[in-house]
Structure formats: C-alpha cells, structure tokens
Amino acid sequence: MAIAELGVVVLDCPDPRALAGFYAAVLGGTVEGEGEWVDLKVPGGQSLAFQAATGFVPPKWPAPDASQQFHLDLTVQDLDAAEKEVLALGARPLDAEDRSRGFRVYADPAGHPFCLCAC
C-alpha cells in the first residue's frame, strides 16, 4: 500500500506566472494564481506548480559537476512540429541535433531541462 499520493510537481523559477504560461502553451490547461505561487491545471494530467525562488540559478545540462536535479518528459506525436512550437514559445535546444532518436532535450525559459518524446 502506498504511503502517499503525488500531489503536484513544483518548479522553482524567477517568474512563476510567465513559466506557467509557457507550460500552458505547451501542455494546455488553466493557469491559476499570482505572485509567489502559480498552478497549472493540466486537463487529464498531473498539475504543475511554479514557485518564486529568490536568487534562482537554472540547472546546468549536461554538466558532470552540477546535477540537473530532474527533468520533464513531454510526449508528442510529431517531434519536428512540437520542436518548432516550443522554440517559438521561448525554449532553447540543449541536445536536439540527433534526429534519429525518439527524444530531444530543451530548456524552458527559466532554464529547466525538458524532453520532447515521441515514445
């Protein structure tokens, strides 16, 4: 029997509303809240939350001397089309050159790594 149920995944960032807006454009859903804490209610999926972090430093990827801590895997139907859209929203490629793989790695506008996966 499980001890707990996963409530929400929280990403630290400098501007919670802006980062929630980025992920709402990628995943759909409704952005709720202002200020230090903003929620993204994703239809039929796990909610994400965004928390203001003073002195936020984005993860380094890849970096053998600094851990990325975690990343999000986002499943898509068409990698090329999804890549075009996330780049237009402000993502930047971290490891997207190998077109033979079923995934590509990007950073969101705050620097968190995420993968687009056609899996």
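The legends below describe close-up views of a predicted model. Local features need pLDDT of at least 70 and side-chain atom pairs count only at pLDDT 80 or more, while totals for chains, interfaces and linings use all residues. Residues are numbered from 1 along each chain as its sequence is written, and side-chain values use heavy atoms, with hydrogens and water left out.

View 1. R104 belongs to strand β7, residues 103–107 (strands are DSSP runs of E with at least two residues, numbered from the N terminus). With a relative accessible area of 4%, R104 is buried (under 20% relative accessible area, 1.4 Å probe, protein chains only). Beyond residues up to four places away in sequence, R104 touches L79, D80, E83, D95, A96, R99, F114, C115 and L116 (contact means heavy atoms within 4.5 Å).

**View 2. The polar contact of R104 with D80.** The side chains of R104 and D80 make a polar contact at 3.0 Å. Such a contact is a pair of N or O atoms within 3.5 Å; within protein, one must be able to donate a hydrogen and the other to accept it, and residues adjacent in sequence count only if both atoms are side-chain atoms.

View 3. Strands β2 (residues 30–32) and β3 (residues 37–41) pair antiparallel over 3 bridges (pairing requires at least two DSSP bridges between two strands). V31 lies opposite L40 of β3. The hairpin has 4 residues between its strands, and G33 in the turn has a positive phi of about 110°.

**View 4. The hairpin of β3 and β4.** Strand β4 (residues 48–52) runs antiparallel to β3, joined by 4 bridges. L40 has L48 as its bridge partner in β4. Between β3 and β4 there are 6 residues, and G44 in the turn has a positive phi of about 70°.

Note on methods. Buried means under 20% relative accessible area, exposed over 50%, partly exposed in between (1.4 Å probe, protein chains only).
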